[in-house]
Amino acid sequence: PIYLEHGVKCTARALISQPPYTGIHELLFMQMGRGINLCMITGGRIVYGASYLSGEIGHMNVAGNDRLCECGRVGCLETLAASGALCAMAEEKVDTPPFAVLSGMLKGERPIHLRHLCTAANEGCEGCTALLSRAGQAIGEALAVSIMLANPGDVVLSGGLTASLA
């Protein structure tokens, strides 16, 4: 079969067709990268919503966040936890003391990538650790709400940000 749909839904569809996820009927699949999206599968079927936009969890408001999102709203989860936002925040502060490990690691290399932030955090960079911790906290809170609403049997996280979980 050929499907034309949102990337997170397409990826979740592929996931549930492969072992060990074959036959799973209740699943939340969260993809974290340039954006943050969620696909809910219930009764073995993808939930699309009335206008096909279910799962836009990246545009949930995060308390205390005043960053402008590309969607035009202020305070979206993606402005704290999407890979581009994390790299932009690191770029703004790379020359400050909390980011000394990252700065030394880059040696002028640009642009900053998520892999740089994760590596620097693992090497003790206080600034990168703080950025990733704040992103993880915000994602955790959004995911907790989603879990309470959907009551899935399984949750799968995917994308570049999961590298920081290692």
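This is a predicted model: local features need pLDDT of at least 70, side-chain atom pairs count only at pLDDT 80 or more; totals for chains, interfaces and linings use all residues.

Modeller: Let us start with a pair of helices: α3 and α6 cross in a right-handed sense. Their contact is made by L86, M89 and A90 of α3 together with L131, L132 and A135 of α6.

Biologist: What makes α3 and α6 roughly antiparallel to each other?

Modeller: Their axes cross at roughly 150° and come within 10 Å. Angles over 145 degrees count as roughly antiparallel, and therefore α3 and α6 get that label.

Biologist: How are the residues of the contact of α3 with α6 divided by class?

Modeller: Six are nonpolar, with no polar and no charged residues.

Biologist: Now to the other pair. Why is α5 called roughly perpendicular to α6?

Modeller: Helix α5 (residues 114-122) and helix α6 (residues 126-150) have axes that cross at roughly 115° and come within 8 Å. The range for roughly perpendicular is 65 to 115 degrees, so α5 is placed in that class relative to α6. The crossing of α5 past α6 is left-handed.

Biologist: Which residues make that contact, and how do they divide by class?

Modeller: From α5 there are L114, L117, C118, A120 and A121, and from α6 there are C128, T129 and L132. By class, seven are nonpolar, one is polar and none is charged.

Biologist: What makes Y52 stand out in its phi?

Modeller: Phi of Y52 is near 70°, a positive value, and Y52 is a residue other than glycine. Most residues other than glycine have a negative phi. You will find Y52 in the loop between β3 (45-46) and α2.

Biologist: Where are the cis peptide bonds from P19 to P20 and from R110 to P111, and what are their omega values?

Modeller: From P19 to P20, omega is near 5°, and P20 sits in the loop between α1 (7-15) and β1 (27-32). From R110 to P111, omega is near 0°, with P111 in the loop between α4 (100-106) and α5. Most peptide bonds are trans.

Biologist: Last one: what lines the second largest pocket?

Modeller: R34, R67, L68, C69, E70, E78, T79, A82, G84 and A85 do. The elements giving two or more residues to this lining are α2 (78-81) and α3 (83-93). The pocket holds about 190 Å³ of space, and its lining has four nonpolar, two polar and four charged residues.

Key. Residues are numbered from 1 along each chain as its sequence is written. Side-chain values use heavy atoms; hydrogens and water are left out. Axes are lines fitted to C-alpha atoms, for helices over the stretch in contact, and angles run from 0 to 180 degrees between N-to-C directions. Helices (H or I, at least four residues) and strands (E, at least two) are DSSP runs, numbered from the N terminus. Angles under 35 degrees count as roughly parallel, over 145 as roughly antiparallel, 65 to 115 as roughly perpendicular and the rest as oblique. A crossing is left-handed if the near helix is turned anticlockwise from the far one by less than a right angle, and right-handed if clockwise. Contact means heavy atoms within 4.5 Å. Ala, Val, Leu, Ile, Met, Phe, Trp, Tyr, Cys and Pro count as nonpolar, Asp, Glu, Lys and Arg as charged, and the others, Gly among them, as polar. On a 1 Å grid over the protein atoms alone, a cavity is a set of points where a 1.4 Å probe fits but cannot get out, and a pocket is an open set with protein on both sides within 12 Å along at least five of seven lines; lining residues have an atom within 4 Å of a point. Grid points are joined across faces, edges and corners, and a volume is the space filled by probe spheres set on the points.
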